[in-house]
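Me: I should like to work through a structure with you, one feature at a time. Please give the general idea in each case and then apply it here.

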Amino acid sequence: MELSGDEKRIQALFSELRVADERIAPRFNAFMNRTESALIRAPRGFNLSLAWAAVLIFAIAALAWWGAARFLQTTSSSVVATTPSTANAGSPAVVREPSDETNPVRPGNTGSNSGSKFSSKNRSQLLARRLMARWRAEMLAANKKVLEDASAISKWASPTVSLLSSSSDEVLTSLPQLNQNANQLKSFLPSSSN
Amino acid sequence: MDITDLKAELERLHASSFGWALSCCRRDYAEAEEVLQTVYLKIIEGKALFRGEASFKTWLFAVIRKTAISQHRKTLLRKLRTVIGPMHSYDASSNIEKPDAAFERSETQLRFQRALETLPSRQREVLHLVFYEDLSLRDAADVMNVTIGSARQHYQRGKRRLRESLERMETGYGIEWRRKENPGAV
């Protein structure tokens, strides 16, 4: 590379720096001995850090597992609590939930589906089913309210209906029969004495 | 390449490697020693493997540069921890030059080093690799893991900036930078 004046100057400065650095550089043999002795000591420190990392990862995983299990437990109990009240509404539109919704699969209490096999896919499916069950329960509650309102309207009576009734209502609403005796007929006829 | 050959190569390039490590560690002697030791450990343990894709010097310098960067990051974290919690004692002597390491620096050399410190790291690195280590721009680009075009830009800008910086400093000392009679004079 052809060097200009400035470049020559810079190179001269770097050369001076290089000479100075070579003077202070550690000797290779001593340096390599120190490196090799460090190599003998190195595995202990490495293992220690690895152990710390493993403990940390285990703690985080355990915490995450516990949190997930707790979340599933709370959601399943809330679904179970809401479902029976809606099922007794007597409405024809009652939809029965699948058995595993009222008796949810939990990571701890499964038989064949052990905790280790409780994959995230199963968990998301279970969560989706629970959300569906909750939505159904809400729909049933809404239907029940509509039915109650309808029956209340059919049984409605005016508050002044008692004022319209009297003791002579029977006379006004009934007719004498042909085979009634005279005494009984007299009660229907106006008095002839006048 | 077996371990004996590796050691022989390392010995041959030891002084240059230390100079490069010093440059990567902002002239911190203790940190440069630590970096170089870590690099030798990596090579001996086989964590850093030379595959012959570049020259051994280029490969070694790239390993030193990467190790220095990660070491610098660790040092920063250590310093941060020291600031947060004073329980950990910080080795304050790491930035102090060893008494036997202190060499007689001329005023020009001191100004030059101060001017180098003002340069961005990429520009400083490329200038060091080209002028100090006599590497070509292509090799310097390989060491720095940049394209040759980028290395050339850093080189040009670094030169200009270094010259300006030195001119500014030397004007303060009443020394003329451009000596027309003898441009090569130090």
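Me: Is Arg27(B) buried, partly exposed or exposed, and how many other C-beta atoms lie within 10 Å?

Reply: This is a predicted model. A residue is buried if 20 or more other C-beta atoms lie within 10 Å of its own, and exposed if 12 or fewer do. Arg27(B) has 16 other C-beta atoms within 10 Å and is therefore partly exposed. Arg27(B) lies in the loop between H2 and helix H3 (29-45) of chain B.

Me: What is to be noted about the phi of Arg27(B)?

Reply: Most residues other than glycine have a negative phi. Arg27(B), which is not glycine, has a positive phi near 65 degrees.

Me: Where is Asp134(B) found, and what is its phi?

Reply: Asp134(B) sits in the loop between helix H6 (121-132) and H7 of chain B. The phi of Asp134(B) is positive, near 55 degrees, and the residue is other than glycine. With 14 other C-beta atoms within 10 Å, Asp134(B) is partly exposed. Just after H7(B), Asn145(B) also takes a positive phi, of about 60 degrees.

Me: Which residues of helix H7 of chain B are buried?

Reply: In H7(B), residues 137-144, the buried residues are Asp139(B), Ala140(B), Ala141(B), Asp142(B) and Val143(B). For chain B as a whole, buried residues make up 33% of its 186 residues. In chain A, 9% of the 194 residues count as buried.

Me: What secondary structure do the two chains have?

Reply: Chain A has 6 helices and 0 strands, and chain B has 8 helices and 0 strands. As for contacts between residues at least 6 apart in sequence, 68% of those in chain A join residues at least 24 apart. The corresponding share in chain B is 65%.

Me: How do H1(A) and H2(B) pack across the two chains?

Reply: The axes of H1(A) and helix H2 of chain B, residues 14-24, are 9 Å apart, and the packing angle is about 105 degrees. The two helices are therefore roughly perpendicular to each other. H1(A) contributes Arg18(A), Asp21(A) and Glu22(A) to the contact, while H2(B) contributes Ala15(B), Phe18(B), Gly19(B) and Leu22(B). These residues divide into 3 nonpolar, 1 polar and 3 charged.

Me: How many residues of each chain take part in the contact between chains A and B?

Reply: Chain A gives 26 residues and chain B gives 26 residues. On the side of chain A that touches chain B, the elements that give two or more residues are helix H1 (5-24) and helix H2 (28-87) of chain A. H1(A) supplies the largest share of that side, 17 residues. By class, that side has 14 nonpolar, 3 polar and 9 charged residues.

Me: Where in chain A is the confidence lowest, and where is it highest?

Reply: Where pLDDT is low, the predicted coordinates should not be read in detail. In chain A, the mean is lowest in helix H3 (residues 99-102), at 47, and highest in helix H4 (residues 120-154), at 90. Over residues 85-105 of chain A the pLDDT is below 50, and the model gives this stretch 29 contacts beyond near neighbours in sequence. The pLDDT also stays under 50 over residues 107-113 of chain A, which have 8 contacts beyond four places in sequence. Chain A averages a pLDDT of 74, and 65% of its residues score at least 70.

Notes: Residues numbered from 1 in each chain as written. Chains lettered and ligands numbered in written order. Predicted model: local features only at pLDDT ≥ 70, side-chain atom pairs only at ≥ 80, totals over all residues. pLDDT = per-residue confidence, 0-100. Helix = DSSP H or I, 4+ residues; strand = E, 2+ residues; numbered from the N terminus. Contact = placed C-beta atoms within 7 Å. Nonpolar A, V, L, I, M, F, W, Y, C, P; charged D, E, K, R; others polar. Axes fitted to C-alpha atoms, helices over the stretch in contact; angles between N-to-C directions. Parallel < 35°, antiparallel > 145°, perpendicular 65-115°, else oblique.
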